[in-house]
Amino acid sequence: MSVATVAAHVPETRPHLDVESRAWLADLRSTGSRQDAAVKRLHELLLRAARFEVGRRRPTLPNLRGNELDDIALEAADDALMSVLARLDDFRGASRFTTWVYKFALYEAAAKLRRRSWQGREVPLEPETWSRFESDSDRPEDVAERRELLQALKEGVETALTPHQREVFVALALNSVPIDVLAERMETTRGALYKTLHDARRKLRERLEVIT
């Protein structure tokens, strides 16, 4: 296929796209066997990316077996494929198309591994410990200042936040629960949780500014 033919299938608003990226878009937007072949090649690419991410994170997941990891990689590739096909119009050519889609698979694989690692675990919505936030300085004045700040933060979490803001802030900011895990448990979206976390942090900043 000539470059001119490929370009004809891609909007003129993207003249900066490289030839390979234009070809990918043209093939994926076509019909019949040409599109089917492109989708198959794309899935293979996404599966390689997902397997790479699963393999990279495997040492942190000793309880997962090889077949389970393969299933996670395949599921990640499937979901990444659906996301890519639904967002073809979002590709602007800042990188090669293959680089752009690779990130979808990495994200899906990482998210699924995080959710699997929390499977069967209770999401802590109460502060598990405040001690890890204490100062490690040897200077008494630093220790005292840190304790005073932590006490103000504790009181702010208890009194300045709504119950929902408190749960989200404690889970995400204090107990390091992955946001996609929390979104799944609370049956909400990452965007909604980011908004809640932002509002909670704003309230706490305002309270600490008044105190200090």
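Which residue takes a positive phi just after α7? In this predicted model, the residue is Ser176, whose phi is about 55°. Within α7, the buried residues are Gln165, Arg166, Val168, Phe169, Val170, Ala171, Leu172 and Leu174.

The protein as a whole contains 9 helices and 0 strands, so that, by the way in which helices and strands are numbered from the N terminus, its elements run α-α-α-α-α-α-α-α-α. Of the 212 residues in the protein, 38% are buried. When contacts between residues at least 6 apart in sequence are considered, 67% of them join residues at least 24 apart.

Helix α5 (residues 97-117) packs against helix α3 (residues 32-57) at an angle of about 45°, the two axes lying 8 Å apart, and α3 and α5 are therefore oblique to each other. The crossing in which α3 passes α5 is right-handed. On the side of α3, the contact is made by Leu42, Leu45, Leu46, Ala49, Ala50, Phe52, Glu53, Val54 and Arg57, while α5 contributes Phe97, Thr98, Val101, Tyr102, Ala105, Leu106, Ala109, Ala110, Leu113 and Arg114. Sorted by class, this contact of α3 with α5 has 15 nonpolar residues, together with 1 polar and 3 charged residues.

Helix α5 also packs against helix α4 (residues 66-86), here at an angle of about 135° and with the axes 8 Å apart. The crossing of α4 past α5 is right-handed. In α4, the residues that take part are Glu68, Leu69, Ile72, Glu75, Ala76, Asp79, Ala80, Ser83 and Val84, and they meet Phe97, Trp100, Val101, Phe104, Ala105, Glu108, Ala109, Lys112, Leu113 and Arg116 in α5. By class, the contact of α4 with α5 is made up of 12 nonpolar, 1 polar and 6 charged residues. Among the residues of α5, Phe97, Val101, Ala105, Ala109 and Leu113 are found both in the contact with α3 and in the contact with α4.

Two residues with polar or charged side chains were examined individually. Ser21, which lies in helix α2 (residues 19-28), has a relative accessible area of 1% and is therefore buried, since buried means under 20%. Apart from its neighbours within four places in sequence, Ser21 is in contact with Phe91, Arg96 and Phe97, and Phe97 is also one of the α5 residues that meet α4. Asp180 is found in helix α8 (residues 179-186) and, at 5% relative accessibility, counts as buried. With neighbours within four places in sequence again left aside, the residues in contact with Asp180 are Ala111, Arg114, Arg115 and Arg190, of which Arg114 also belongs to the contact of α5 with α3.

Beyond α8, Glu187 is placed in the loop between α8 and α9 (190-211). The phi of Glu187 is near 55°, a positive value in a residue other than glycine. At 75% relative accessibility, Glu187 counts as exposed, because exposed means over 50%.

Note on methods. Residues are numbered from 1 along each chain as its sequence is written. This is a predicted model: local features need pLDDT of at least 70, side-chain atom pairs count only at pLDDT 80 or more; totals for chains, interfaces and linings use all residues. Side-chain values use heavy atoms; hydrogens and water are left out. Buried means under 20% relative accessible area, exposed over 50%, partly exposed in between (1.4 Å probe, protein chains only). Helices (H or I, at least four residues) and strands (E, at least two) are DSSP runs, numbered from the N terminus. Axes are lines fitted to C-alpha atoms, for helices over the stretch in contact, and angles run from 0 to 180 degrees between N-to-C directions. Angles under 35 degrees count as roughly parallel, over 145 as roughly antiparallel, 65 to 115 as roughly perpendicular and the rest as oblique. A crossing is left-handed if the near helix is turned anticlockwise from the far one by less than a right angle, and right-handed if clockwise. Contact means heavy atoms within 4.5 Å.
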